[in-house]
Amino acid sequence: MANRIGIIGGGFSGTILVRHLVNQTNKKLDIILFNYTNKLSGGVAYNPKSKRLLLNVIASKMSAFPDQPNHFVEWCLKNGLAKENESSILASSFLPRAVYGQYLKDIWNETIEISRKNGHELNVFEEEVQNVQKTNGAYNLKSKNYSLNVDFVVLATGNELPGNPEILNPSFFHSEYYHQNPWKINLSNFKNDQPILIIGNGLTMVDTVIELRENGFNQKIVSVSPNGFNILPHRNFTFEYKGLLTQISEKHSLLEIVTIFNQELKRLNEFGISAEPLIDSLRPNTQKIWKMLSLSEKRLFLKRLRHLWGVARHRIPFVSYDFIQKQQIENRLEILAGKIIDISVQNGIVHAEVFDKKRNTKVKHTFSNVINCTGPETNISRLSDCLLLNMLNEELIVQDELNLGIQVNEQFQVIVKEGRTSSAIFAMGNLIKGVLWESTAINELRSQAKYISEKLVNR
Ligand SMILES: Cc1cc2nc3c(=O)[nH]c(=O)nc-3n(C[C@H](O)[C@H](O)[C@H](O)COP(=O)(O)OP(=O)(O)OC[C@H]3O[C@@H](n4cnc5c(N)ncnc54)[C@H](O)[C@@H]3O)c2cc1C
């Protein structure tokens, strides 16, 4: 009987992993895939409610397959998104995320077909796996209606919801005016008579502002984040700079890396070029550099440089940037640097007290709703009653020292108690950010999926 592989999570990671697995013809496989929210294959990222929400990576870098770099661009051409002679424009375009969702759906449909042709067993369950337990050499995946044993488990659970910020009165978080999940807001319950508060000012804030405006919300939007940095656009995205990487090829301390970076930046500035190509040039080696740093250097990076890195790294296409700029110029969007002290509801109106860093004073605002766009919670022990917390309690996974996710070895096998490695449980994507730092974008996930599939098949 074939070993059974249980994959938890059917976003990009889980579904592309299935694709690599079923491509194998020399072994019959038995695969079960659990996915409980969002349609299969797109996850939250590629099932957007609006066509105006764009990919933040150009099309030529979005192929789902590491060994076929033009796969996405070719799919777009085949599907009439541009004419043959426009392929270079297409390759450097930021396409709608909904288009990418369609691409992934096509890949998934092909995957089912390939699986059937190659005689594999592939079953999908639309339920949340609540726990994994070790039972007589196998692993039991438990959801509301199923209890299934598997030989191998792959955790591809993606992003958790944002954690609630610390405020004086946490009872507010049970209010109907609070939206912890920014990707699943029921806008029909929204009142349009007061400003809206967004906590956080990164990529999810941009999406949320676009979505609110598209749905006719005309009140002012206020976003609060610790530094209130302005989001940056993608400039110079076709200019590739290699100088920095050659200098950071051997072991360097964090301080040395920052010094080299600043020297290079000064040099580029003399040619009128801004920092983005430098940041992008580090990208292929970010994981290597992260692994090179000591734990205390990683802590220092998180404390001092994380926000700056986030701004430089998470840029948006110019059209989205122009939209956000216009909102700010027209005073329809205010980005505050500061901290939320307290939020409460009185007579159906949300009252928030915010420490405004720039004015160095506390200010009070009223809102109709509050949306949490602070980014996913990564500290598993802060989550409540969910798969990862249960697996932590079962001692099947351990958190990394920085509480950014869970620990894995170089082969993506999870580390269990006392530093031992599990030979049967693998993890990929956002969950392993603490080990790799960059483990979110398609170019990282597609390689991880291929690698893990090869490991599983060779077993
Ligand atoms: C809004 C947004 C835009 C993005 N845009 C880009 C971009 O343009 N380019 C780029 O390279 N990257 C982008 N990203 C990064 C993105 O995270 C990855 O590209 C990719 O979508 C992550 O896929 P995933 O499968 O790892 O996670 P997810 O897409 O989060 O999928 C995880 C799936 O697992 C399921 N799941 C979780 N727990 C369980 C459980 N216990 N039981 C059953 N099912 C479970 C969830 O329901 C979900 O469907 C974006 C991310 C977001 C959030």
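## Elements and model

Helices (H or I, at least four residues) and strands (E, at least two) are DSSP runs, numbered from the N terminus. In these terms, Trp-437 lies in the loop between helix H13 (433–436) and H14. The model is predicted.

## Domains

The domain assignment divides the protein chain into domain 1 (4–53 + 96–160 + 377–458), domain 2 (170–232 + 316–372) and domain 3 (243–313). Taken over C-alpha atoms, the centres of domain 1 and domain 3 are separated by 30 Å. Contact between these two domains involves five residues of domain 1 and six residues of domain 3. On the domain 1 side that touches domain 3, three residues are nonpolar, two are charged and none is polar.

## The seven-stranded sheet

Seven strands form an open sheet in the order E8-E14-E9-E10-E11-E12-E13, and their pairing is mixed. Strand E8 (178–179) and E13 stand at the edges with a single partner strand each, so one side of each has no neighbour in the sheet.

Strand E9 (residues 196–199) has parallel pairings with two strands. Four bridges link E9 to strand E14 (residues 369–372) in the parallel sense, with Val-370 in E14 as the bridge partner of Leu-197. Four bridges also link E9 to strand E10 (residues 221–225), again in the parallel sense, and here Ser-223 in E10 is the bridge partner of Ile-198. Between E9 and E10 the chain passes through helix H5 (residues 203–214), a β-α-β crossover that is right-handed. In a regular strand the side chains alternate between the two faces of the sheet. In E9, Ile-196 and Ile-198 point one way and Leu-197 and Ile-199 the other way, and all are buried.

## The antiparallel strands

Strand E11 (residues 333–346) and E12 run antiparallel and are joined by eight bridges. In this pairing, Val-345 stands opposite Val-350 in E12. Strand E12 (residues 349–356) also pairs with strand E13 (residues 361–367), in the antiparallel sense over seven bridges; Lys-364 in E13 is the bridge partner of Glu-353. The hairpin of E12 and E13 has four residues between the strands, and within the hairpin Asn-360 takes a positive phi near 55 degrees.

## Ligand shell

The ligand is surrounded by 32 residues, of which the closest are Gly-9, Gly-11, Gly-43, Gly-158 and Gly-429. Helix H1 (12–22) and helix H14 (442–458) are the elements that give two or more residues to this shell. The largest share, three residues, comes from H1. By class, the shell comprises 14 nonpolar, 16 polar and two charged residues.

## Loop residues with positive phi

Which values of phi do Asn-403 and Trp-437 take? Asn-403 has a positive phi near 55 degrees, in a residue other than glycine. For Trp-437, also a residue other than glycine, phi is positive and near 65 degrees.

Asn-403 is located in the loop between helix H12 (387–393) and strand E15 (413–415). Is each of these residues buried or partly exposed? Asn-403 counts as partly exposed because it has 15 C-beta neighbours inside 10 Å, a number between the limits of 12 or fewer for exposed and 20 or more for buried. Trp-437 has 21 C-beta neighbours inside 10 Å and therefore counts as buried.

How values were computed. Residues numbered from 1 in each chain as written. Predicted model: local features only at pLDDT ≥ 70, side-chain atom pairs only at ≥ 80, totals over all residues. Near = placed C-beta within 6 Å. Nonpolar A, V, L, I, M, F, W, Y, C, P; charged D, E, K, R; others polar. Pairing = 2+ DSSP bridges. Domains from an automatic or database assignment. Contact = placed C-beta atoms within 7 Å. Right-handed = clockwise from strand over helix to strand, strands pointing away.
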